[in-house]
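Reader: I should like to go through the assignments for this model one by one. Please set each value against the criterion behind it.

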Amino acid sequence: LLTIIWLAGITNAINWLDGLDGLAAGLNIIISIALSLISYENNHLALSIIAIALAGANLGFLMFNYHPSKILMGDCGSYFNGFTIACLSLMSTKVAISSDNSLLIKPQFLIAFIILSLPIIDMFKVILQRIINKKSPFFPDRNHLHYILIDYGLSHKITVNFMYLLCFFSCSLGLYIFDER
């Protein structure tokens, strides 16, 4: 049940970040690179290759999607990226540990949660605000962090780059905790 909630939640969280030109693609690149590094360190080479391929695909797309965009990702692209990242985050953070000639799988969900903290926190904040305002959690509004930053007067490019920086810090923190285990 928790796996299904994680997959649906992360998929939606990534989709909800597709509100500004280049935002979702750039965040997908940063998150995919972090998941690729973790997969590589855990000797999940196939997952590492998939994650780096996703980052490369988003990088090629970002060239045409950064403000002002020539093409849009749309729901199909953001759902694909979100579901792929959700799956990669679950699979890449599992560490095989040999103990008394038996193989144990130790999930490290904290690392996945930290790496994906920006989309997760934004999603929870928006859902909570919608429920407090007695609206459907799926009702569209401008309560996302990127819209709030725009409404405070930041330019589109500064807002997107600031969100990249936040994601980079959360991924760096996740990688630091992963290395310290």
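Reader: Which helices do the buried residues of α6 pack against?

Author: The buried residues of α6 pack against α1 (2-16), α2, α5 (109-115), α7 (145-151) and α8 (156-180), where contact means heavy atoms within 4.5 Å. The model is a predicted one, in which local features need pLDDT of at least 70, side-chain atom pairs count only at pLDDT 80 or more, and totals for chains, interfaces and linings use all residues. Residues are numbered from 1 along each chain as its sequence is written, and side-chain values use heavy atoms, with hydrogens and water left out.

Reader: Which residues of α6 are buried?

Author: They are Ser117, Leu118, Pro119, Ile120, Asp122, Met123, Val126 and Arg130. Buried means under 20% relative accessible area, exposed over 50%, and partly exposed in between (1.4 Å probe, protein chains only). The helices themselves are DSSP runs (H or I, at least four residues), numbered from the N terminus.

Reader: How do you know that the span of α6 agrees with its number of residues?

Author: The expected span is 1.5 Å times one less than the number of residues. For the 16 residues of α6 (residues 117-132) this gives 22 Å, and the end C-alpha atoms are 22 Å apart, so the two agree. Helix α4 (residues 74-92), with 19 residues, reaches 26 Å from its first C-alpha to its last, close to the 27 Å expected.

Reader: Why is Asp141 called buried?

Author: Its relative accessibility is 19%, so Asp141 counts as buried. Asp141 is placed in the loop between α6 and α7. Not counting residues up to four places away in sequence, Asp141 touches Val126, Arg130 and Tyr147. The C-alpha atoms of Asp141 and Arg130 are separated by 8.7 Å.

Reader: What makes Lys134 exposed?

Author: Lys134 has a relative accessible area of 77%, and is therefore exposed. Lys134 is in the loop between α6 and α7, and its phi is near 60 degrees, a positive value in a residue other than glycine.

Reader: Why is Asn43 called exposed?

Author: The relative accessible area of Asn43 is 64%, so Asn43 is exposed. Asn43 lies in the loop between α2 and α3, with a positive phi near 60 degrees.

Reader: What is the angle between α2 and α3, and how far apart are their axes?

Author: Helix α2 (residues 23-41) and helix α3 (residues 45-65) pack at about 160 degrees, with axes 8 Å apart. That makes α2 roughly antiparallel to α3. Angles under 35 degrees count as roughly parallel, over 145 as roughly antiparallel, 65 to 115 as roughly perpendicular and the rest as oblique. Axes are lines fitted to C-alpha atoms, for helices over the stretch in contact, and angles run from 0 to 180 degrees between N-to-C directions.

Reader: How do the residues of the contact of α2 with α3 divide?

Author: They divide into 14 nonpolar, eight polar and no charged. Ala, Val, Leu, Ile, Met, Phe, Trp, Tyr, Cys and Pro count as nonpolar, Asp, Glu, Lys and Arg as charged, and the others, Gly among them, as polar.

Reader: At what angle do the axes of α1 and α4 cross?

Author: The axes come within 7 Å and cross at roughly 140 degrees. The two helices are therefore oblique to each other. By class, the contact of α1 with α4 has ten nonpolar, eight polar and one charged residues.
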